[in-house]
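Here's a quick briefing to read with the model open beside you.

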Amino acid sequence: MTNTTGLIFLGPPGSGKGTQASLIAQLYHIPHISTGEILREAIANQTPLGKQAQPYMDAGNLVPEELVLGLVKERLSQPDTEKGWILDGFPRTVPQAVFLDKLLEETPSTSERVLNLDVPDEAIIERLLLRGRKDDTEATIRRRLDVYREQTAPLIDYYRDRGSLHHINGNRSPAEVTEALKQAMVNF
Ligand code: AP5
């Protein structure tokens, strides 16, 4: 039986999950699975999923669980995930983490490691206002930060309790964050 490591990138909006997940995915030749990107693509293509997700995303709220669980299950069943994968933006709630646990029970050779990027709110707001995505207005960023604290931050305890959590200081240059991530991965 081969051992597969799945990486979960956790952290508040704007902490650099997407930037770093993309780099690490290229370095290790594993797919970068971003639920936010999948949903934005669905919106761009005006699919039924996109049309349902759009109002939630524009407001900075999480889209309903039933819209994301199926797409993650489907994506993790693709053959390119056999050597590993990076999830960016999922899980985002405790029920999503429980769903992922059940999914991974079906592939006992896969274990997960969680990399949590820590960045203070002021740095996040500055970064996201500079980027200017549709959901990067100051009011929506603040809403996303509230949603993160209420619904996603509890995952830090969830994964800490099982010993698979690594904290990374994300408030430094992207290259320094990448180095820290690579170092953490050496010590898995
Ligand atoms: P999602 O796309 O996941 O957005 P997010 O979590 O808000 O994250 P961001 O993309 O804003 O930030 P990031 O941490 O990836 O940082 P990035 O590398 O981009 O989700 C969007 C929406 O989709 C949600 O609000 C929700 O509605 C919905 N959704 C998605 N998944 C869901 C789920 N599982 N359940 C329910 N709903 C879901 O960097 C941000 C900026 O900072 C960039 O401009 C970048 O260049 C810059 N930057 C990166 N690193 C650094 C650095 N070290 N120093 C300076 N600048 C940096």
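Which helix do the buried residues of α6 pack against? They pack against α7, where buried means under 20% relative accessible area, exposed over 50% and partly exposed in between, with a 1.4 Å probe and protein chains only.

A note on ground rules: this is a predicted model, in which local features need pLDDT of at least 70 and side-chain atom pairs count only at pLDDT 80 or more, while totals for chains, interfaces and linings use all residues. Residues are numbered from 1 along each chain as its sequence is written, and side-chain values use heavy atoms, with hydrogens and water left out.

**Overall picture**

- There are nine helices and five strands in the protein; helices (H or I, at least four residues) and strands (E, at least two) are DSSP runs, numbered from the N terminus.
- Going along the sequence, you get β-α-β-α-α-α-β-α-β-α-α-α-β-α.
- The radius of gyration of the protein is 16 Å, which agrees with the value near 16 Å for a compact globule of 188 residues. That radius is taken over C-alpha atoms, and the globule rule is 2.2 Å times the number of residues to the power 0.38.
- The C-alpha trace spans about 45 × 40 × 30 Å along its principal axes.
- Of the 188 residues, 48% are buried.
- Take the contacts (heavy atoms within 4.5 Å) with a separation of 6 or more: 72% of them are between residues 24 or more positions apart.

**Surface and charge**

- The accessible surface comes to about 9700 Å², and 53% of it belongs to carbon and sulfur atoms. Areas come from the Shrake-Rupley method with a 1.4 Å probe, and for residues only the protein chains shown count as cover.
- On the charge side, the protein has 21 positive and 26 negative side chains, with the centres of the two sets 2 Å apart. Lys and Arg count as positive and Asp and Glu as negative, whereas His and the chain ends are not counted; each charge is placed at NZ of Lys, CZ of Arg, CG of Asp or CD of Glu.

**Helix α6 and what follows**

- Helix α6 covers residues 121-131, and its buried residues are Ala123, Ile124, Ile125 and Leu128.
- Leu128 sits in α6 and counts as buried because its relative accessibility is 3%.
- Leu128 and Gly14 are 114 residues apart in sequence, yet their C-alpha atoms are 6.1 Å apart in space.
- Beyond its neighbours within four places in sequence, Leu128 is in contact with Pro13, Gly14, Asp136, Ile141 and Arg144.
- Just after α6 comes Gly132, with a positive phi of about 75°.

**Asp136, between α6 and α7**

- Asp136 is in the loop between α6 and α7, and counts as buried at 3% relative accessibility.
- Its side chain makes a polar contact of 2.8 Å with the side chain of Arg131. A polar contact is a pair of N or O atoms within 3.5 Å; within protein, one must be able to donate a hydrogen and the other to accept it, and residues adjacent in sequence count only if both atoms are side-chain atoms.
- A polar atom of the Asp136 side chain also lies 2.8 Å from the backbone nitrogen of Arg133.
- Leaving aside neighbours within four places in sequence, the contacts of Asp136 are Leu128, Leu129, Arg131, Ile141 and Arg144.

**Thr140, in α7**

- Thr140 belongs to helix α7 (residues 138-152) and is buried, at 11% relative accessibility.
- The side chains of Thr140 and Thr137 are joined by a polar contact of 2.8 Å.
- Setting aside neighbours within four places in sequence, Thr140 is in contact with Asp58, Ala59, Gly60 and Asp135.

- Most residues other than glycine have a negative phi, and most peptide bonds are trans.
- The peptide bond from Phe90 to Pro91 is cis, with omega near -5°; Pro91 is in the loop between β3 (85-88) and α5 (94-105).
- His29, not a glycine, has a positive phi of about 55°. His29 lies in the loop between α1 (17-28) and β2 (32-34) and is exposed, at 70% relative accessible area.
- Gln46, also not a glycine, has a positive phi of about 50°. Gln46 is in the loop between α2 (35-44) and α3 (48-59) and is partly exposed, at 41%.
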